[in-house]
Amino acid sequence: MTLPTFVIGGAPKSGTTALWGMLREHPDVFMTAFKEPHFFTREVSEPAPGVRIVGRPRPDSYARGMDWYESLFEGGEGRAARGEASTHYLCARDAPELMERHVPGLRIIFVLRQPVDRAYSHYWHYRKNGHRLPPFEAILDDDPQLRYLDYVSRYAEHLQRYREAFGPERVYVATFDDFRADPARTYREVCRFIGVDDSFHAEYHREYNPHGKPASSLVHGLLRRTKRMRWTFLPAGLRHRARDVRGRLDLLNLRRTAYPELAPDVWRRMTELFEPDIRYVEELLHPLPAWREQRVPHRPAAEGVAAGG
């Protein structure tokens, strides 16, 4: 069977799409033609009791079976590393067990962003896609519609789950800040982690997931319907190109705007709630003073990750 040797497991809105794109450029790496298959979880719409994703329930990819999942890696035979990226794996409680059952030895990569910044970016991602949500600060009142955004940023719980199931040697963790500041360094570390040549230079400068409003809601709706297409009617070598064309059309249809600044008092209060998660990540990596920085006013961090250098 041709199955992955690694997966990018999250976090959402933390640069995982940029990393997925960079790894697609490596000659020894095969990445699936589409992102987010969400195969290794049965809890794709309800990752925890009382926690639901925003919007309509997601399809249960796991029910499609291993033959379907293996078909995503058609064309990857002979590559030193094969991977996919599904950001829901970070908070999916059943994912480690399913991964160990079906692909023993699988490695997993996480890129983490300051917890409040990540949740706030995720919030505006949903708003951009037309979901009606209460004000972001309703998270502080445990609003049921926003619990998912809070839950995803509970890094200590999620990382402990994987480190206990896989062992620390099979779990790679980086920060969005480090990736954005020096993408080449993070890329080299990831290449070493998945066992491919770390001297390859990824010339990848495309911007991913910028914020804005669609110029045409009709075009946006059509492109959204094709986003999760499997592209199995195309030869394996053309599937990546089809996805790239769809992504470029999405960017052309976007009127870029900055989402509003988050009130400083809300940012500080929420950051205090995530203090155990910040400390846990610091213990794994290094001090993260910027994650506690009291910026006034708090401006959203740049979404894009320059992938060159």
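This is a predicted model: local features need pLDDT of at least 70, side-chain atom pairs count only at pLDDT 80 or more; totals for chains, interfaces and linings use all residues.
Let me start with a term: two strands pair if DSSP finds at least two bridges between them. The strands themselves, like the helices, are DSSP runs numbered from the N terminus, with at least two residues (E) for a strand and at least four (H or I) for a helix.

Residues are numbered from 1 along each chain as its sequence is written, and side-chain values use heavy atoms, with hydrogens and water left out.

Let's begin with the sheet. In general, strands of a sheet pair through backbone hydrogen bonds, either parallel or antiparallel. Here five strands make an open, parallel sheet, and the order is β2-β3-β1-β4-β5. At the edges are β2 and β5 (171-175), each pairing on one side only. From one strand to the next the twist averages 25°, with axes taken as lines fitted to C-alpha atoms, for helices over the stretch in contact, and angles running from 0 to 180 degrees between N-to-C directions. Take β1 (residues 6-10) and β4 (residues 107-112): they pair in the parallel sense over four bridges. Which residue of β4 is the bridge partner of Val7? That would be Ile108.

Now, the aromatic rings. Rings of Phe, Tyr and Trp (its six-membered ring) pair if their centres lie within 6.5 Å; planes under 30 degrees apart are stacked, over 60 edge-to-face, and the rest tilted. By this rule there are 19 aromatic pairs. In one of them, Phe30 and Phe73 have ring centres 6.4 Å apart and planes at 55°, so the pair is tilted. Phe30 belongs to strand β2 (residues 29-31) and Phe73 to the loop between α2 (66-71) and β3 (81-85), 43 residues apart.

Are these two buried or exposed? Buried means under 20% relative accessible area, exposed over 50%, and partly exposed in between (1.4 Å probe, protein chains only). Phe30, at 10%, counts as buried, and Phe73 is buried at 0%.

Phe40 and Tyr69 form an edge-to-face pair, 5.0 Å centre to centre with 75° between the planes. Ring pairs also link Phe30, Phe39, Phe40, Tyr62, Trp68, Tyr69, Phe73 and Tyr89 into a cluster.

Last, charges over rings (NZ of Lys or CZ of Arg within 6 Å of the ring centre and within 35 degrees of the ring normal). Arg24 has its charged end over the ring of Trp20, 4.8 Å from the centre, and Arg113 lies over the face of Phe176 at 4.6 Å.
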